[in-house]
Amino acid sequence: MKPVIRASVALSALLFAVIGAAPAVAAQAAPTGAVSGQGVGPAVAVAAPAVRHFYNVRFQRCLDADTNTGGNGGRVQLWDCGPWNQQDWEVRPDGSIYNVRFQRCLDADTNTGGNGGIVQLWDCGPWNQQQWVLRDDGSVYNVRFQRCLDADTNTGGNGGKVQLWDCGPWNQQWWENRAG
């Protein structure tokens, strides 16, 4: 086989592998409520942004690491969304959620894992209180305590409390992905 034909066959095989896999990946990555089958041509997989803001649907504010308490035990709160890096979070393959500014992970305090449990910043480690699952309904589920990231309904303004709470159909537990 001539080199030009071999290269053409290899390129065709590569394109088939990429295009053939793309619709399945796109279907998994589609947000809840997305309409499929619209538009012209095959679905295209779009990678999630490396850095994101977690936007709370009920209070229309973002998950924010308090700039005055960025060390271990640092406060995580609601705050008006903005271009600030204390609102930049990176969802990692191990399930941790990493704060870009303070270089620490979103952590459920091991001493307060029940309803109203503290959510804080802590050095990243292999601990399951730092493992979170982004669920299709918009909730963020903590693996260790089997509860969801929740914006306290009594304190929804700037500085509002973010806590653990039993997962439910409540919009204070719905977090949208906003590009950071």
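Biologist: Why is the disulfide of Cys148 and Cys167 right-handed?

Modeller: The torsion about its S-S bond is about 100°, so the disulfide of Cys148 and Cys167 counts as right-handed. Cys148 lies in strand β10 and Cys167 in the loop between β11 and β12, so the pair ties together parts that are 19 residues apart in sequence. Here a disulfide is a pair of cysteine sulfur atoms within 2.5 Å, and strands (E, at least two residues) and helices (H or I, at least four) are DSSP runs, numbered from the N terminus. Please keep in mind that this is a predicted model, in which local features need pLDDT of at least 70, side-chain atom pairs count only at pLDDT 80 or more, and totals for chains, interfaces and linings use all residues. Residues are numbered from 1 along each chain as its sequence is written, and side-chain values use heavy atoms, with hydrogens and water left out.

Biologist: Is Cys148 buried or exposed?

Modeller: Cys148 is buried, with a relative accessible area of 0%, whereas Cys167 is partly exposed at 27%; buried means under 20%, exposed over 50% and partly exposed in between, with a 1.4 Å probe and protein chains only.

Biologist: Switching topic, which ring does the charged end of Arg178 sit over?

Modeller: That of Tyr55, 3.6 Å from the ring centre, where the criterion is NZ of Lys or CZ of Arg within 6 Å of the centre and within 35 degrees of the ring normal.
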